[in-house]
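Let's walk through how to read a model like this one, feature by feature. Have the sequence and the 3D view open as we go.

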Amino acid sequence: MRGNSTAKPVFMNRHVVWVVLVVGLAITAAATSNMKSSIEVMAEKDFADHCGEIQAKISDRMEEHVRILQSGADFLMPQIWLHAKRGGSIRNVR
């Protein structure tokens, strides 16, 4: 009898150990998956923020170039029209 009574708790302990191991692995896998998705969402948000900043800087730079070109055209237009009024061709103005 003594041999049977000690064998059963050892057998039960092995099942409990395996159940605890499987449950622990399942919890670890769920936590890892959750953290991975959270990190991906944060990375996408950071990427979108950086893209927005770059787009704003490019837009500002393009507006500055437009202003520079417009001021250059405003500076040259009176000279072109004066040259044209004097009988010259607009094509030959440099």
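**Reading the surface and the helix**

Q: How much accessible surface does the chain have, and what share of it belongs to carbon and sulfur atoms?
A: Accessible areas come from the Shrake-Rupley method with a 1.4 Å probe, and for residues only the protein chains shown count as cover. Here the chain's accessible surface comes to about 8900 Å², with 66% of that belonging to carbon and sulfur atoms. Keep in mind that this is a predicted model: local features need pLDDT of at least 70, side-chain atom pairs count only at pLDDT 80 or more, and totals for chains, interfaces and linings use all residues. Residues are numbered from 1 along each chain as its sequence is written, and side-chain values use heavy atoms, with hydrogens and water left out.

Q: What percentage of the residues is buried?
A: Buried means under 20% relative accessible area, exposed over 50%, and partly exposed in between (1.4 Å probe, protein chains only). Of the 94 residues in the chain, buried ones make up 1%.

Q: Which residues make a nonpolar surface patch?
A: A patch takes residues with over 30% relative accessible area and no salt bridge; like charges are joined within 9 Å, nonpolar side chains (Val, Leu, Ile, Met, Phe, Trp, Tyr) within 5 Å. Trp18, Leu21 and Leu25 make one of about 350 Å². Leu21 sits in helix α1 and counts as partly exposed because its relative accessibility is 41%.

Q: How many salt bridges are there?
A: Look for a side-chain nitrogen of Lys or Arg within 4 Å of a carboxyl oxygen of Asp or Glu. That rule gives two. Lys45 pairs with Asp49 at 3.9 Å, N to O; they're four residues apart in helix α1, so about one helical turn separates them. Lys45 is exposed at 55%, while Asp49 is partly exposed at 39%. Glu63 and Arg67 also meet in a salt bridge, 3.9 Å from N to O.

Technical notes: Helix = DSSP H or I, 4+ residues; strand = E, 2+ residues; numbered from the N terminus.
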